[in-house]
Amino acid sequence: MEKACSAPSLRLPRRVAAVLPLLVLLALPAAAHVLNTDLSKLSRTEIFWTYLQLGFTHIIPLGFDHILFIISLYILEPRLKPVLMQATAFTVAHSITLGLAMYGLISPPSAIIEPIIALSILFVAIENIIADKLNPWRLLVVFGFGLVHGMGFASALTGLGLPQKDYFGSLISFNVGVELGQVTVILLCWGLVGRWAAEKSWYKQRVVIPVSVVIGLVAAYWTVERVFFT
């Protein structure tokens, strides 16, 4: 008597199905940063930690669009080395525009920057769906989008302001906090999916495509909202 073929494991689709509603929730409006501290009374060390925390929370939990962008970068090639290379390009780029904007050398209008950020997420999500592998030119694309995202970071930081007693130090600590938030997102993605599913033959169909479709829909919604209703 022949043995019945065992059905393929359904654990991953169930996990992905559990994650997708969380991604949809990311489309909800985020709360704004609130700084209820008199910076003039803080030491340089206290200012450093204050802005480090602000940078981190600008990604987790407030930076829904940046979280989706990082997830989109990760899932096509779910190994740490490729995503860390992309993250490095992204980091260098957004550090440049964040610094230029905070020193008043550029003044990007949020009415243009925010829709472009949404479009950058949509672009990467679509690429994930149609591409079979990570293309080398993606680093250049990520760098370009990083320049735009840095302007978005600057908009949030401008609203908070920077203390005159340690302007440069607080700018650096905010940026470090942003990076820690991004690295946290990457490590969570690796721990939940990449560590055990990266080499599976069904990874593209069961993870990359459904997650990218949801992210793409959220990004498309954000784009329309930011262009026509903001």
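Hi everyone, thanks for coming. Before anything else, please keep in mind that what you see is a predicted model.

Let's start with the overall make-up. How many of the residues are buried? Of the 230 residues in the protein, 46% are buried.

Now, contacts. If we take those between residues at least 6 apart in sequence, 86% of them join residues at least 24 apart.

Helix α5 covers residues 110-130, which is 21 residues. From its first C-alpha to its last, α5 reaches 30 Å, close to the 30 Å expected at 1.5 Å a residue. Which residues of α5 are buried? The list is I113, P115, I117, A118, S120, I121, L122, V124, A125, E127 and N128. If you have the structure open, have a look at E127 and N128, which are on that buried list along with I121 and L122. And what covers the buried residues of α5? The cover includes α3 (64-75), α6 and α8 (203-228).

That brings us to α6 itself. Helix α6 runs over residues 138-160, so to say 23 residues, and its first and last C-alpha atoms are 33 Å apart, close to the 33 Å expected at 1.5 Å a residue. Just after α6 comes G161, with a positive phi of about 85°.

That's my tour, and I'm happy to take questions.

Technical notes:
Residues are numbered from 1 along each chain as its sequence is written. This is a predicted model: local features need pLDDT of at least 70, side-chain atom pairs count only at pLDDT 80 or more; totals for chains, interfaces and linings use all residues. Side-chain values use heavy atoms; hydrogens and water are left out. Buried means under 20% relative accessible area, exposed over 50%, partly exposed in between (1.4 Å probe, protein chains only). Contact means heavy atoms within 4.5 Å. Helices (H or I, at least four residues) and strands (E, at least two) are DSSP runs, numbered from the N terminus. The expected span of a helix is 1.5 Å times one less than its number of residues.
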